[in-house]
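Biologist: Could you take a close look at one part of this model, the way its secondary structure elements pair and pack, and go through it in one connected account?

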Amino acid sequence: MENAVRDWRGRSYLPGPVPADRTRMFWLAWGAMAAISPLQYGYAALLAKEATGLTLLAVWIACQAAGALPALHLVRRGRLGVRASLAAGAALSFAGLAAAALPQSAPGAFIGYALLGGLGAGLVYGVCGEVVSSWYPERPAARVGLITGAFGYGAVPLLVWAGLAPAATSTAFLVAAVVALAVIGTAARHLRLPPALWWPEDVDPRSHALNAARLRTTPEAARQFGPAQALRTRTLPALALILTCAGAVSVFDVIVVAGTGSWGALAVLVALNGASRSVAMRCSELFGRRRVLAAVLTTLAVGQVLLATALAATPAGGPLLWLGAVAAGLGGGAFYPLLASLVREFFGVERAGEIHAVVYSAKALAGAGAAALALLALDTPVTALAVAAALAALPALAIPRLRIPGLPATIPL
């Protein structure tokens, strides 16, 4: 590493020119993430209305969460290329969306949607996040927050279509399958990883590492952790537990609001689920990750209370349903990029993608929790929402106690 530069912590950088197509790569990753959104939020809203559909959704979420970790492991070690990963993700996502158009009792629905579609979405989600964070090392959290936002609101066109023409839901999923194949396939042709340790030459890495204003709100890890080392800390299980609780509530809210028949409130919920992610990341750069994450989960809990109050008054919800959808949407997606950025803050950037994939795999439990809440809501929706409020509120109370691993316990939080 002849041209390597080291900062005050000893981290190495290789400054180099910014490629002309870096922005295009970002938008292709954004489009790929939007293309897989109907697999989760579209299915949850339109087809997860009984035990069979809820089971398929839970299995899909488990496969999507589990698919990201091995994909990142192979990509980071050069055993699997970005192009091959995304090409496989395009084919599997196409199969999943096409299978969503089948009757839920058909064997192809389980194999195609739950298994293949889940693995395909996991490939796309994990690889796109890794590519974008690698090409924007000076602000990885903000950029990844933008593309994960697309994973949230990318299903809105499908929901609007299905709301206007309910009989054409199967056709809508087939069209979404073709779009996903084209968009993710195009991304596969152009996305690539930068050289190891690459850093944009127009940003001085040593000055960036010493930026006092940034370090006050987003401090850096005490050292660079590997996945095995991170697993031995108390912090990583705590982050996984937060994702499990909040993730279950987030998916459950989509199912509950869809059950009211208010497609406008549902579209608002899903759109805010995605759009709030980039806003939360910007706020976290000003006020700190942990404070904003606590506020996001508190907002999510308030949304459950508003939704419960609305459904207790009338099954259709009324104005309170819209307020609940807004609060649940603002809190129901923003925690994902915040947790990803806390992984970098707690464990360092060198293996952040793999460590975050370990945390993200807890989403498999979140899918099972969402299905359980939805089954409870079939008979007693208000009780289910009360449980959901507790699941969102309890992690919010614990967040202020999160500590950067490796620092002496005598250093104040």
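**The sheet and the helix contacts**

Modeller: Strand 1 and strand 2 are paired in the antiparallel sense, over two bridges (two strands pair if DSSP finds at least two bridges between them, and the elements themselves are DSSP runs numbered from the N terminus, helices being H or I with at least four residues and strands E with at least two). Before going further, please keep in mind that this is a predicted model, in which local features need pLDDT of at least 70 and side-chain atom pairs count only at pLDDT 80 or more, while totals for chains, interfaces and linings use all residues. Residues are numbered from 1 along each chain as its sequence is written, and side-chain values use heavy atoms, with hydrogens and water left out.

Strand 1 and strand 2 form a hairpin with five residues between them, and Gly10, which lies in the turn, has a positive phi of about 90 degrees. On strand 2 (residues 12-16) there is a further pairing, with strand 3, which runs in the parallel sense over three bridges. Here Gly16 finds its bridge partner in Pro200 of strand 3, and Pro15 stands opposite Trp199 of strand 3. Taken together, the strands make an open sheet of three, in the order 1-2-3, with mixed pairing. Strand 1 (5-6) and strand 3 (198-200) are the edge strands, each of them pairing on one side only.

Turning to the helices, helix 1 (residues 22-46) packs with helix 7 (residues 169-190) at an angle of about 155 degrees, their axes being 9 Å apart (axes are lines fitted to C-alpha atoms, for helices over the stretch in contact, and angles run from 0 to 180 degrees between N-to-C directions). On the side of helix 1, the residues that make the contact (heavy atoms within 4.5 Å) include Arg24, Met25, Leu28, Gly31, Ala32, Ala35, Pro38, Tyr43 and Leu46, and on the side of helix 7 they include Thr169, Phe173, Ala176, Ala180, Val183, Ile184 and His190. The residues of this contact of helix 1 with helix 7 divide into 14 nonpolar, five polar and one charged (Ala, Val, Leu, Ile, Met, Phe, Trp, Tyr, Cys and Pro count as nonpolar, Asp, Glu, Lys and Arg as charged, and the others, Gly among them, as polar).

By class, the residues of the contact of helix 2 with helix 17 are 11 nonpolar, two polar and one charged. Just after helix 2, Gly78 takes a positive phi of about 75 degrees.

A further pair is formed by helix 13 (residues 289-313) and helix 18 (residues 381-398), which pack at an angle of about 165 degrees with their axes 8 Å apart. In helix 13 the residues that meet helix 18 include Ala294, Leu297, Thr298, Leu300, Ala301, Gln304, Val305 and Leu311, and their counterparts in helix 18 include Pro381, Val382, Leu385, Ala388, Ala392, Pro395 and Ala396. The contact of helix 13 with helix 18 has 18 nonpolar and two polar residues, and no charged residues.
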